[in-house]
Amino acid sequence: MKASMLNTKIERMSVKVGEAILSHSQDGYHPKMANQWGYVAGMALAAIDKLGDWTGDAKYHDFVKRHMDVFIQEDGSIRGYKLNDYNLDHINKGKNLFRLWRETGEAKYEAAARLLITQLVGQPRTSEGGFWHKKIYPFQMWLDGLYMSSPFMAEYAHTFQDNSWFDEVAHQLLLVERHTRNPQTGLLHHAWDETQEQRWCANGTGQSRHVWGRAMGWYAMALVDALEYFPIGHPKRGQLMGIFERMVNSVVRAQDQESGVWYQVMDCNGQQGNYLESSGSCMLTYAIAKGIRLHYLAEIDRSVVERAYEGILQRFVTEDEQGVHLHQICHGAGLGGRKYRDGSYAYYLSEAIVSDVLMGVAPLLLATLEMEQLRESCAE
């Protein structure tokens, strides 16, 4: 497809996707964002905030504030949040606190951010200082958790001039990469168990058996979002950029050649039952496009994300009178737990495939915003 046709196709797509999200609101509140302090809602609100920046429309910022104020109490406590769970997922929604504090000066937002950082001070760790994903998952680091916590710590360090948290971000990102990276493919396995006790561990490595597409997306977004706040003079900034470049090259090699997007299980391309999955594809497209736009990626050609984004639109997105829809979303995947998830190939294919849930639509909005910004920056 010629560039001019492609640009026409995605004209104002970010607004269409944003409005598709807001269309589910009732009396000004989206039920999935106002019902609990959750990480998916946090990602969606962050995406809507970015849409407000991109369009200049304050209604999107107002939407974010209205939903955060459901949870943030005047003393900075957070309704429904339990620090003693030591769950990294609970950190993600806190990313929306920093802008609110800067713009309003209301002490409750700063107090809430400091409450969440207090959780991270006490977060249980592996012997090398890696955050457990949750208290209920002892000695386990999951790629998901790096997205939940690392950009939050980086923006906290930037906002409150506490540079020790940049050191923590670098430590977490580098440690999990070292323990989950497959040296043959360069891709990162979903998780790592230091004790190697879990049945989902591959023999002798502590790594989970497979490379889950959305987990790769979580980690790629964690890197690029955290780097945005890192001081140029930080001693680990270049190393973080280096592992980002190396990882993206591996992700590009795993890109489906026909469609330009990525499989649910990225180390099993083309195997029976594997399918092209939209949420991970959107996350990877977002991260790579942002990396190109911010000049973090030296040798990744823009055609990589052009192909990926066009593949997303062709394979996963439909439009009708109700608006934009996203399909082929893995509803959720994890490891261990009471209803034990063994991390096998069959397991990742057994999870439900759904449409229009925030887990996929929020990354679609993020990817679309980055593609629109990248194209505008390249046109200048």
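The volume is the space filled by probe spheres set on the points.

Of the 28 residues lining the largest pocket, Gln-36, Tyr-39, Val-40, His-331 and Met-359 lie closest to its centre. For the second largest pocket, with about 570 Å³ of space, the lining has 23 residues, and those closest to the centre are Ala-46, Lys-50, Glu-155, Glu-228 and Tyr-229.

Here are the linings by class (Ala, Val, Leu, Ile, Met, Phe, Trp, Tyr, Cys and Pro count as nonpolar, Asp, Glu, Lys and Arg as charged, and the others as polar).

| Pocket | Lining by class |
|---|---|
| Largest pocket | 13 nonpolar, nine polar, six charged residues |
| Second largest pocket | nine nonpolar, two polar, 12 charged residues |

Which helix gives the most to the lining of the largest pocket? Helix 4 does, with three residues, and helix 4 also gives the most to the second largest pocket, with five residues. Helices are DSSP runs (H or I, at least four residues), numbered from the N terminus.

Residues are numbered from 1 along each chain as its sequence is written. Because the model is predicted, local features need pLDDT of at least 70 and side-chain atom pairs count only at pLDDT 80 or more, while totals for linings use all residues.

Technical notes. Side-chain values use heavy atoms; hydrogens and water are left out. On a 1 Å grid over the protein atoms alone, a cavity is a set of points where a 1.4 Å probe fits but cannot get out, and a pocket is an open set with protein on both sides within 12 Å along at least five of seven lines; lining residues have an atom within 4 Å of a point. Helices (H or I, at least four residues) and strands (E, at least two) are DSSP runs, numbered from the N terminus.
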